[in-house]
Amino acid sequence: MRPAYAIALLASTLFDHVVAAPQISDWNPYERINRNDSALLIVDHQVGLLSIARDWDTTLFFSNIRGHAAIGKLFDLPVVITTSAETGPNGPVPKEILDMYPEVKVVQRKGEINAWDSPEFRAAVRATGKKQFIIGGIVTDVCTAFLALSLREEGFSVFANVEASATTTALNRDTSNSRMQAAGVHLVTSFVVLGDLMRDWRNASPSVDKVVGWIQTYFPAYGVVARGHASAILRNGTVLPGTEEWI
């Protein structure tokens with residue numbers, strides 16, 4: 001084969017592969033959560049389903065779902081709560097969450113697996129008047145993903161809280177998160193949601209002491225930083241000898 005012909009053939013083959021390769025048609029730029037245009041969705045966070053949330057430590061995940069719910073309270077967001085088979089094996093929503101929202105009527109679905117298939121749930125979501133929805137659910141691959149994909153299909157922005165969603169295996173979680181992400185769902189954590197809604201430590205509402213209260217309860221990894229600082233400066237009036245030069 002002549003060199004010139006071989007080069008031309010190789011170039012043609014590479015071009016065909018590039019053209020035939022899958023193209024990313026929808027690139028989703030950075031979108032911030034707007035507290036004036038967002039609502040919090042609590043999907044099937046039920047005591048019975050906690051037993052199959054096995055990609056998280058149960059103690060940690062139970063704290064995560066309460067923290068997810070508390071974000072709605074902290075920022076005064078509209079909240080929609082839904083359950084499936086509540087009078088059966090799935091059980092009720094934990095009392096700690098229900099006590100946060102005594103005024104919210106839980107949408108007990110009649111059998112719909114995808115919450116969006118429930119007319120009552122759809123009506124409750126639309127009644128919020130919001131365009132951005134922050135979701136946590138059990139299980140990730142069904143309760144969270146089905147609803148997230150349906151909301152995206154309707155043109156809404158969706159933020160799936162990966163810390164407030166759980167399923168039976170890490171494989172199921174990762175596959176579901178990839179599926180949602182491909183549809184334009186934003187995968188976020190509770191601290192990301194908190195930071196996006198808060199925007200600035202100088203904001204008066206919610207006050208810093210209330211935000212710090214949420215952090216101490218639901219994100220103690222950062223809370224211990226504040227505790228150490230407060231202890232050194234306010235209580236002891238000193239810092240660890242030798243650290244002054246780093247201040």
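# A friendly tour of a predicted protein model

Of the 247 residues in the protein chain, 40% count as buried. Keep in mind as you look around that this is a predicted model. The protein chain is built with 9 helices and 6 strands. Let's start with the whole chain and then visit a few spots in it.

**The chain as a whole**

- The protein chain exposes about 14,000 Å², and carbon and sulfur atoms supply 59% of that area.
- Take the contacts in the protein chain with a separation of 6 or more: residues 24 or more positions apart account for 79% of them.

**Salt bridges**

- The count of salt bridges comes to 10.
- One of them joins the side chains of Arg-32 and Asp-196, at 3.8 Å from N to O. Arg-32 sits in the loop between helix H1 (3–20) and strand S1 (38–43), while Asp-196 belongs to helix H7 (residues 190–198), so this pair ties together parts that are 164 residues apart in sequence.
- Asp-196 also has a salt bridge with Arg-199, where the closest N and O atoms are 3.9 Å apart. Together, Arg-32, Asp-196 and Arg-199 are linked in a network of salt bridges.
- Another salt bridge connects Asp-200 with Arg-202, the closest N and O atoms being 2.7 Å apart. Here Asp-200 is partly exposed at 22% relative accessibility, whereas Arg-202, at 73%, counts as exposed.

**Helix H5**

- Helix H5 (residues 140–153) has 14 residues. From its first C-alpha to its last, H5 reaches 18 Å, close to the 20 Å expected at 1.5 Å a residue.
- Which residues of H5 are buried? They are Thr-140, Cys-143, Thr-144, Ala-145, Leu-147, Ala-148, Leu-149, Ser-150 and Leu-151.
- The buried residues of H5 pack against several elements: S1, helix H4 (119–127), strand S4 (132–137), strand S5 (157–161) and helix H6 (170–182).
- After H5 comes Gly-155, which has a positive phi, near 95°.

**Two buried residues in loops**

- Ala-164 is found in the loop between S5 and H6. With 0% relative accessibility, Ala-164 counts as buried.
- What does Ala-164 touch, not counting residues up to four places away in sequence? The answer is His-45, Phe-61, Asn-64, Ile-65, His-68, Gly-136 and Gly-137.
- Ala-164 and Ser-63 are 101 residues apart along the chain, and 9.0 Å separates their C-alpha atoms.
- Asn-90 has its place in the loop between strand S2 (79–84) and helix H3 (95–100). Asn-90 is buried, with a relative accessible area of 14%.
- Leaving aside neighbours within four places in sequence, Asn-90 is in contact with Gln-46, Val-47, Gly-48, Leu-49, Ser-84 and Ala-85.

Conventions
Residues numbered from 1 in each chain as written. Predicted model: local features only at pLDDT ≥ 70, side-chain atom pairs only at ≥ 80, totals over all residues. Heavy atoms only, no water. Salt bridge = Lys/Arg side-chain N within 4 Å of Asp/Glu carboxyl O. Helix = DSSP H or I, 4+ residues; strand = E, 2+ residues; numbered from the N terminus. Buried < 20%, exposed > 50% of the residue type's maximum accessible area, 1.4 Å probe, protein only. Contact = heavy atoms within 4.5 Å. Expected span 1.5 Å × (residues − 1). Areas by Shrake-Rupley, 256 points an atom, 1.4 Å probe, with all protein chains shown as cover.
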